[in-house]
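Biologist: Please take me through the helix packing in this model, slowly and up close. A word on the overall layout would be a welcome start.

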Amino acid sequence: VMHGEPFHEQDLRASRKDGLARNVTVDDEAFRRRRERPQELLDALGRQHANRHVVGFKLFSKHLDWKRLDTFLDWATHLILLRRDDAFAQYVSICLAQASNVWAAYPGSAKHDHVVSVDAALFDTWSKHEAAFVATVERALAKAANPPGVLHLTYERDLCAPHARRNTMRRVERFLGVATGARPDAAHLPIKQHAVDV
């Protein structure tokens, strides 16, 4: 089962797009303390899915105190590290999403016609921050006593074309050790949260 963004700075538990999957509820106190004590929320999510082979969620650099990254790596058995080769395109995409409040682009999703201008200094700061986060993750993985398995994906190579998405879905299924097969939502990788079986 795939959750959305449980460690987002906002409370997105009820969000249809980024909330918790399948009517999962967690203790309000554990959720409130998720930034300072992420282990509590990770344990709560794990208890909700004791019969599931895979429980996942999206985690972005701004969702956590980087000093607590080890907590996530100790909890995880698998880590899919998705990056973009074109940092500028990623930054523009984020700016457009913030301006329009449209955060997904696939058939049937909302559309926008916003135009944004990019501040070079802000882009430079953002790109250094993202590079530092990836470097922090890589260092933490190298130092971990029992690191999770890692699958490296890039947006441009692995997700942009329909055939690439299908191939990537098969790679993800093999990596996670789950049954392979055609899925109706496979075209919307990254795997759509709230899917019953990943």
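**Helix packing**

Modeller: Gladly! Read along the sequence, the pattern is α-α-α-β-α-α-β-α-α, made up of seven helices and two strands. Those are DSSP runs numbered from the N terminus: H or I over at least four residues for helices, E over at least two for strands. Please keep in mind that this is a predicted model, where local features need pLDDT of at least 70, side-chain atom pairs count only at pLDDT 80 or more, and totals for chains, interfaces and linings use all residues. Residues are numbered from 1 along each chain as its sequence is written, and side-chain values use heavy atoms, leaving out hydrogens and water.

Let's begin with H2, residues 38–48, whose buried residues are Pro 38, Leu 41, Leu 42, Ala 44 and Leu 45. Buried means under 20% relative accessible area, with over 50% exposed and partly exposed in between (1.4 Å probe, protein chains only). These five cover an arc of only 160 degrees around the axis, so they lie on the same side of H2; the arc is taken from the directions from helix axis to C-beta atoms. They pack against H1 (28–32) and H3 (69–75).

Next come H4 (residues 87–100) and H5 (residues 120–143), packed at an angle of about 110 degrees with axes 11 Å apart. Axes are lines fitted to C-alpha atoms over the stretch in contact, and angles run from 0 to 180 degrees between N-to-C directions. The two helices are therefore roughly perpendicular, a label for 65 to 115 degrees. On H4 the contact (heavy atoms within 4.5 Å) involves Ala 87, Phe 88, Gln 90, Tyr 91 and Ile 94, and on H5 Leu 122, Phe 123 and Trp 126.

Note on methods
Angles under 35 degrees count as roughly parallel, over 145 as roughly antiparallel, 65 to 115 as roughly perpendicular and the rest as oblique.
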